[in-house]
Amino acid sequence: MEKKIAGIIESFTEAAKAATDSAAVEKLRVAFLGKKGEISELMKDLKSAAPEQKKEFGQKINLLKKDVEGKLADLAAEIEKKELEALINSAERYDVTMPSSVDTGSYHPITLIQREVEDIFAAMGFTIEDYDEIVDDYHCFEALNIPKHHPARDMQDTYYLDNGQLLKTHTSAAQNAIMRKYGAPLRAIFPGRCFRNEAIDACHENTFFQMEGIMIDKDISISNLIYFMKTMLSEVFQRDVQVRLRPGFFPFVEPGFELDISCQVCGGTGCPSCKNSGWLELCPCGMIHPNVLTAGGIDPEEYTGFAFGLGLTRLAMMKYGVKDIRTFNSGNLKSLSQFESL
Ligand code: FA5
């Protein structure tokens, strides 16, 4: 046993002299202290030693182990110091003030179109308002002349929360609060995310954006409404796009219209993006119903106004030629990052 211990000390000393980097130190540790290392093997020999020698040999092996551990730690520290010094003195230099090559990302197309439409309306004197995504039944329906059990509620399959509130199905849900906040006269737009339990297809999502607009003043008429809609569309597209106005029913406007845009994906010939009709419902609108003005604290005898509910996600489809509305919520950066860099 003593001979073996001496042999191990000798071979460790030799190997330690040859170790010049951290990897070699680690190899040394495994070779002598590892599970199958020389010292562990020596422990196994202890089992076959004579009983009166076991204690003495055990103590010697432990001393050997401690000695090797200590020498290895010193060697590791010494080598680490040398390696660090070598790195400091090497020609390799880092300039911490250099700009990093981090990808800067891009704006989501909905953000881009929202900002564009906001700028157009802001230039025409509209204020831009923000509103909640979780609202109550009164604001989403009742204040808009849609009482409980009114069939118009079926047009918007609603996500209700356990506490009786709901996810806003349309930006019209903010009309009442904004009328009450400012009174008349009033020009405001309010973009927002809407939620409906829809059957999803190329032009329907369950989560999409709208931008509501209201203008209330004395003598506001349908011609004002048409003027603002035309201006907005010609500014967004910067060219003539075909639109059509047809009667539409919404309990909160009277009269009400559907404003459709000729599908910019297929040029009006029909494709899945427009459900093969050549037209896409884009911006329903109308003259605000007197009951809605009254609920908003505005006298309908004195004031009239128009409202519109622009489908912002669909406008982005048409403006950027995105064939499938699902692209916008897909998180597919290849598709979504091509519009404008940050
Ligand atoms: C409304 O939401 C009314 N609040 C709009 C309104 C406002 C009318 C003010 C009159 C006065 P509608 O459900 O049609 O109406 O939605 C308006 C627009 O939002 C649609 O024309 C369409 O462009 C868009 N839209 C509606 N549902 C979806 C959907 N599931 N996915 C994507 N866009 C949608």
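## Helix 3 and what covers it

The buried residues of helix 3 are covered by elements that include helix 1 (2–18), helix 2 (22–33) and helix 4 (51–89). Contact here means heavy atoms within 4.5 Å. Helices (H or I, at least four residues) and strands (E, at least two) are DSSP runs, numbered from the N terminus. This is a predicted model, in which local features need pLDDT of at least 70 and side-chain atom pairs count only at pLDDT 80 or more, while totals for chains, interfaces and linings use all residues. Residues are numbered from 1 along each chain as its sequence is written, and side-chain values use heavy atoms, with hydrogens and water left out.

Helix 3 spans residues 38–46, and its buried residues are Ile39, Ser40, Leu42 and Leu46. They lie on the same side of helix 3, because they cover an arc of only 155° around the axis. The arc is that of the directions from the helix axis to the C-beta atoms. Buried means under 20% relative accessible area, exposed over 50%, and partly exposed in between (1.4 Å probe, protein chains only).

## Strand 4 and its partners

Strand 4 (residues 186–195) has eight of its 10 residues buried, so it is largely enclosed by the rest of the structure. Two strands pair if DSSP finds at least two bridges between them. Strand 1 (residues 127–128) runs parallel to strand 4 and is joined to it by two bridges; Ile128 stands opposite Ile189 of strand 4. Strand 5 (residues 207–217) is antiparallel to strand 4, with 10 bridges between them. Met211 in strand 5 is the bridge partner of Pro191.

Glu118 itself lies in helix 5 (residues 109–123).

Glu118 is buried yet has no salt bridge. The nearest side chain of opposite charge is Arg115, 6.0 Å away.

## Salt bridges

A salt bridge is a side-chain nitrogen of Lys or Arg within 4 Å of a carboxyl oxygen of Asp or Glu. By this rule the structure has 19 salt bridges. One of them joins the side chains of Lys4 and Asp45, at 2.5 Å from N to O. Lys4 is in helix 1 and Asp45 in helix 3, so this pair ties together parts that are 41 residues apart in sequence. Lys4 counts as partly exposed at 47% relative accessibility, and Asp45 is partly exposed with a relative accessible area of 27%.

Lys60 and Glu56 form another salt bridge, with their closest N and O atoms 3.1 Å apart. The two are four residues apart in helix 4, and therefore separated by about one helical turn. Asp201 and Lys275 also form a salt bridge, their closest N and O atoms being 3.6 Å apart. Asp201 lies in the loop between strand 4 and strand 5, and Lys275 in the loop between strand 7 (253–262) and strand 8 (279–281), so the pair ties together parts that are 74 residues apart in sequence. Lys275 is exposed, with a relative accessible area of 52%.

## The loop around Pro147

Salt bridges link Asp137, Glu142, Lys148 and Arg153 in a network. Pro147, in the loop between helix 6 (137–140) and strand 3 (166–167), is in contact with Glu142 and Arg153, leaving aside its neighbours within four places in sequence. Pro147 is partly exposed, with a relative accessible area of 42%.

## Aromatic pairs

The structure holds eight aromatic pairs. Rings of Phe, Tyr and Trp (its six-membered ring) pair if their centres lie within 6.5 Å; planes under 30 degrees apart count as stacked, over 60 as edge-to-face and the rest as tilted. The pair of Phe228 and Phe306 is tilted, because the ring centres are 5.7 Å apart and the planes stand at 40°. This pair links distant parts of the chain: Phe228 is in helix 8 (residues 222–237) and Phe306 in strand 10 (residues 304–311), 78 residues apart. Phe228 counts as buried at 6% relative accessibility, and Phe306 is buried with a relative accessible area of 0%.

Tyr320 and Phe339 form a tilted pair, with 4.6 Å centre to centre and 50° between the planes. One aromatic cluster is formed by Phe121, Phe126, Tyr227, Phe228, Phe306 and Phe308.

Key
Lys and Arg count as positive and Asp and Glu as negative; His and the chain ends are not counted.
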